[in-house]
Amino acid sequence: MCNLWFNKIVLIFFMKVFPIVIITFFTLLFVSCGDKSEKVLNSLSKTNIIYSNNAECMLNCLNVSKKEIRTLLDSGIVDFDSSNTKGKCPIYIIKGQGDNDLKVTLSSCDSITNILQVKRTSIQDSCSCNWFLSFYNTFYFSTRNLSFAV
């Protein structure tokens, strides 16, 4: 008699409850994982944006607006192969999708995103902005657990 009830309970569990638990588990797993690039862009969208002198120069030279940079940060793709994500202040390379030919190098530290470099991938860089010095200073200070310096 007990064995019959136990069999019914086990049968109900595996036929009705178990599939629902498995489906729910995997649904929550895939929904919570998301795209790595999307997570980085989402966290960057919540920070204050500061433009280095080099970035300001590049914006003027390439005729790029700060609105275009904001759009790129909302809908671009993080190039993790070119980015340096180690350390307190990771440096990300964000690229545009489709017709958007912008490429931005930025440093993210605490609640501040420091735009270091702006490029258009479709044209050769003819701007005379001193990007290397700006990048070196930011990288040098960000690796020493200081804020940023540019």
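Q: What makes lysine 36 count as lying over the face of phenylalanine 80?
A: The model is a predicted one. In it, lysine 36 lies 4.5 Å from the ring centre of phenylalanine 80. The cut-off is within 6 Å of the centre and within 35 degrees of the ring normal. Lysine 36 therefore counts as a charge over the ring.

Q: How many aromatic pairs are there by the ring-centre rule?
A: The count is zero. A pair needs ring centres within 6.5 Å.

Q: How do you know that cysteine 89 and cysteine 109 form a disulfide?
A: Their sulfur atoms are 1.6 Å apart. The criterion is a pair of cysteine sulfur atoms within 2.5 Å, so this pair qualifies. The structure holds one disulfide.

Q: What does the pair of cysteine 89 and cysteine 109 tie together?
A: Cysteine 89 lies in the loop between strand E2 (77–78) and E3, and cysteine 109 lies in strand E4. The pair therefore ties together parts that are 20 residues apart in sequence.

Q: Why is cysteine 89 called buried?
A: Its relative accessibility is 5%. Buried means under 20%, so cysteine 89 is buried. Cysteine 109, at 4%, is buried as well.

Q: Which residues have the most contacts inside the largest nonpolar core?
A: They are Ile69, Ile94, Leu106, Ile115 and Val118. This core has 22 residues. Helix H2 (36–44), helix H3 (53–62), helix H4 (66–75), strand E3 (91–95), strand E4 (102–109) and strand E5 (112–120) each supply at least two of its residues. The largest share, four residues, comes from H3.

Q: What does isoleucine 69 touch, leaving out residues up to four places away in sequence?
A: Isoleucine 69 touches Tyr51, Leu59, Val64, Leu102, Val104, Ile115 and Val118. Contact here means heavy atoms within 4.5 Å.

Q: Which residues of H4 are buried?
A: Ile69, Leu72 and Leu73 are buried in H4. They cover an arc of only 95° around the axis, so they sit on the same side of H4.

Q: What covers the buried residues of H4?
A: The cover includes H2, strand E1 (48–51), H3, E3, E4 and E5.

Q: What makes the phi of asparagine 63 stand out?
A: Phi of asparagine 63 is near 60°, a positive value in a residue other than glycine. Most residues other than glycine have a negative phi. Asparagine 63 lies in the loop between H3 and H4.

Q: Is asparagine 63 buried or exposed?
A: Asparagine 63 has 66% relative accessibility. Exposed means over 50%, so asparagine 63 is exposed.

Q: What is the phi of aspartate 110, and where does this residue lie?
A: Aspartate 110 has a positive phi of about 55°, although it is not a glycine. Its place is in the loop between E4 and E5.

Q: Why is aspartate 110 called exposed?
A: Its relative accessible area is 65%. The threshold is over 50%, so aspartate 110 is exposed.

Q: What is the secondary structure of the protein chain?
A: The protein chain has five helices and five strands. From the N terminus on, the elements run α-α-β-α-α-β-β-β-β-α.

Q: Which percentage of the protein chain is buried?
A: Buried residues make up 31% of the 150 residues. Each of these falls under 20% relative accessible area.

Q: Among contacts between residues at least 6 apart in sequence, how many join residues at least 24 apart?
A: In the protein chain, 49% of them do.

Conventions: Residues are numbered from 1 along each chain as its sequence is written. This is a predicted model: local features need pLDDT of at least 70, side-chain atom pairs count only at pLDDT 80 or more; totals for chains, interfaces and linings use all residues. Side-chain values use heavy atoms; hydrogens and water are left out. Rings of Phe, Tyr and Trp (its six-membered ring) pair if their centres lie within 6.5 Å; planes under 30 degrees apart count as stacked, over 60 as edge-to-face and the rest as tilted. A nonpolar core is a set of buried Ala, Val, Leu, Ile, Met, Phe, Trp, Tyr and Cys residues joined through side-chain atoms within 4.5 Å. Buried means under 20% relative accessible area, exposed over 50%, partly exposed in between (1.4 Å probe, protein chains only). The arc is that of the directions from the helix axis to the C-beta atoms.
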